[in-house]
Amino acid sequence: MGDAAVEPLALMSNFLRQCGGYAVIDGGLATELQRHGADLKDPLWSAKCLISAPQLIRKVHLDYMEAGANIVISASYQATLQGFEAKGLSREEGEALLRQSVEIAREAREIYHSRGAKVRCDAKGSGEILKQGQILVAASVGSYGAYLADGSEYSGMYGDAITLETLKDFHRRRVQVLAESGADLIAFETIPNKLEAKAYAELLEEEDIKVPAWFSFNSTDGANVVSGDSIADCALIANSCKQVVAVGINCTPPRFIHGLIQEIRKVTIKPVVVYPNSGETYDAEQKEWLQTSGVAEDFVSYVGKWAEAGASLIGGCCRTTPDTIRAIAKVLSTRSSSVITL
């Protein structure tokens, strides 16, 4: 995101100003990989494609950039060194795949920018002016529950045997590798409890990680994270960590987001990031999303309300698509650019 000597929060503030006050995050990665034919019924989930179909991941990243995303998230959510070792890969091979997840996103960005340069060149004769915005690559870190692949990132119930030190030891090397991968951000995603947020914050401090990060939690009631811990308490942990440049919510039904933004804004002035799922329910045993009964949620109709409530980084999570992101980008582009005061 720029000069490491500049305060991380100032870097995010500058990025948001360049984006006109609001940044657009990409949408569901696994959703699109499956739509293109990938079979993700595997403990590695979307990270399986790092091994079997890296070109498909690159295509999906590119599709989201074409749809208007300013931030794309790497395919490393469920990519853990322990998970790769369970597949028979060595520690070195696992680390290489983690780095590759970021390299693929960076390659997609280069392709996108080269295409844009050609279009701008071709458009000169018509007097058309095309703006090429900055795009950041965020390295995804999924929770310990995501590695377990049993749906416990949607409950946060890890058991008494899992301590703060257990979680730090589990995530440490993975975070080190991703911090050195060339990513602009580290996205700690779908954090289900306060304990794991604290582990991440301490890791960032202990390892002197220079790459800015965001923390995003998930909720099923609009007031607490899925474990029952208060969203305000969780946001306070993120607020206390200088490397955390945004805090918010992902993989949560859209109807809960507005209230959660309000709770987060009570305890931090850091930018709020929200990228909800489609509102459907995940079946951890079948490893598939179930259609919600009743009236489907109109995801995009909420976007303006989220921005008004204080969210400045907005995108989609599971079951959202490039069409969703295109619509979000359109809504945000119509809002007047405002100076972000941090």
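1. In this note, Ala, Val, Leu, Ile, Met, Phe, Trp, Tyr, Cys and Pro count as nonpolar, Asp, Glu, Lys and Arg as charged, and the others, Gly among them, as polar. The model is predicted, so local features need pLDDT of at least 70 and side-chain atom pairs pLDDT 80 or more, while totals for chains, interfaces and linings use all residues. Residues are numbered from 1 along each chain as its sequence is written, and side-chain values use heavy atoms, without hydrogens and water.

2. Two strands pair if DSSP finds at least two bridges between them.

3. Alanine 138 has leucine 185 of E4 as its bridge partner.

4. The largest cavity has a volume of about 260 Å³. A cavity is a set of points, on a 1 Å grid over the protein atoms alone, where a 1.4 Å probe fits but cannot get out; lining residues have an atom within 4 Å of a point. The volume is the space filled by probe spheres set on the points, which are joined across faces, edges and corners.

5. Among the 23 lining residues, Leu29, Trp45, Tyr77, Glu189 and Cys317 are the closest to the centre of the largest cavity. By class, the lining has 11 nonpolar, nine polar and three charged residues.

Terms used: Helix = DSSP H or I, 4+ residues; strand = E, 2+ residues; numbered from the N terminus. 1 Å grid on protein atoms, 1.4 Å probe; cavity = no way out; pocket = protein on both sides within 12 Å on 5 of 7 lines; lining within 4 Å.
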